[in-house]
Amino acid sequence: MTDTAARTAVETIQREMTVFARRARAAAGRMHPELSLVSYTLLGHLEESGGCRATDLAAHYALDKSTVSRQVTALERAGLVERRPDPEDHRVQVLCPTEAGEEILAQVTRNRRAAFRERLADWPEEDLIRFAGYLERYNAGPPTPAAEPG
């Protein structure tokens with residue numbers, strides 16, 4: 001591949017990932033009006049991790065603490081997240097999904113998977129496997145916030 005072809009491919013990837021990110025944000029709002037894409041992501045992480053501190057969320061996603069704080073506050077107001085004392089250090093509060101949070105997360109996850117299956121229904125299995133591998137490879141790389149889409 002020539003330098004020009006590689007540069008054009010990278011520009012196409014950047015543009016298409018930006019479109020993908022915009023589409024994902026818009027779809028998240030349609031999946032559940034109370035759950036933005038960021039809220040969904042944070043709630044999912046809390047469920048997967050068994051709960052964690054807000055500072056851990058901020059560090060994990062390379063987000064500003066104030067951004068996480070706003071999102072967590074909205075999730076708490078909606079009754080989707082609660083604070084519990086950390087069993088190892090009672091001075092620390094751990095964020096955990098409530099039962100309602102887990103239910104909504106499961107519902108949105110089912111809807112998102114169905115939407116992806118529908119969108120990719122006519123793709124050959126070989127293409128799906130290759131695309132999944134490329135996404136895993138891309139996401140396994142080191143974070144580069146300035147270059148992330150969106």
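# Close-up legends

Gly 44 comes out as buried, at 13% relative accessibility; the cut-offs are under 20% relative accessible area for buried, over 50% for exposed, and partly exposed in between (1.4 Å probe, protein chains only). A quick note before the views: this is a predicted model, where local features need pLDDT of at least 70 and side-chain atom pairs count only at pLDDT 80 or more, while totals for chains, interfaces and linings use all residues. Residues are numbered from 1 along each chain as its sequence is written, and side-chain values use heavy atoms, with hydrogens and water left out.

**View 1. The whole protein, with six helices and two strands.** Starting at the N terminus, the order of elements is α-α-α-α-β-β-α-α. Helices (H or I, at least four residues) and strands (E, at least two) are DSSP runs, numbered from the N terminus. The C-alpha trace spans about 60 × 30 × 25 Å along its principal axes. There are 150 residues, and 26% of them count as buried. Take the contacts with a separation of 6 or more: 50% come from residues 24 or more positions apart, where contact means heavy atoms within 4.5 Å.

**View 2. Gly 44 and the place where α2 meets α5.** Gly 44 sits in helix α2. This helix packs against α5 (residues 99-119) at an angle of about 115 degrees, and the two axes are 10 Å apart. The crossing is left-handed; in other words, the near helix is turned anticlockwise from the far one by less than a right angle (clockwise would be right-handed). On the α2 side, Leu 37, Tyr 40, Leu 43, Gly 44 and Glu 47 make the contact. Their counterparts in α5 are Gly 101, Glu 102, Leu 105, Val 108, Thr 109 and Arg 112. For a sense of scale, pick Ile 129, which is 85 residues from Gly 44 along the chain: the two C-alpha atoms are separated by 24 Å.

**View 3. His 45, also a residue of α2.** His 45 is buried, with 13% relative accessible area. Skip its neighbours within four places in sequence, and what does His 45 touch? The contacts are Cys 52, Leu 57, His 60 and Tyr 61.

**View 4. Helix α4, residues 65-77, with a buried side and exposed residues opposite.** The expected span is 1.5 Å times one less than the number of residues. Buried in this helix are Val 68, Gln 71, Val 72 and Leu 75. They lie on the same side of α4, because they cover an arc of only 100 degrees around the axis; the arc is taken from the directions from the helix axis to the C-beta atoms. Turn to the other side and you find Arg 70 and Arg 77 exposed. The cover over the buried residues includes α2 (37-49), α3 (54-61), β1 (81-85) and β2 (93-97).

**View 5. Positive phi at Ala 62 and at Gly 79.** Ala 62 has a phi of about 55 degrees, positive even though this residue is not a glycine. Ala 62 belongs to the loop between α3 and α4, and at 55% relative accessibility it counts as exposed.

**View 6. Salt bridges, of which the structure holds eight.** Here a salt bridge is a side-chain nitrogen of Lys or Arg within 4 Å of a carboxyl oxygen of Asp or Glu. One of them pairs Arg 53 with Asp 56 at 2.8 Å, N to O. Both partners are partly exposed, Asp 56 at 30% and Arg 53 at 34%. Another links Glu 76 and Arg 83, with an N to O distance of 2.8 Å. Glu 76 is partly exposed at 25%, and Arg 83 is partly exposed at 41%. Asp 89 and Arg 91 form a further bridge at 2.9 Å, N to O; Asp 89 is partly exposed at 22%, whereas Arg 91 is exposed at 74%. Shared partners also join Glu 126, Asp 127 and Arg 130 into one salt-bridge network.

Terms used:
Axes are lines fitted to C-alpha atoms, for helices over the stretch in contact, and angles run from 0 to 180 degrees between N-to-C directions.
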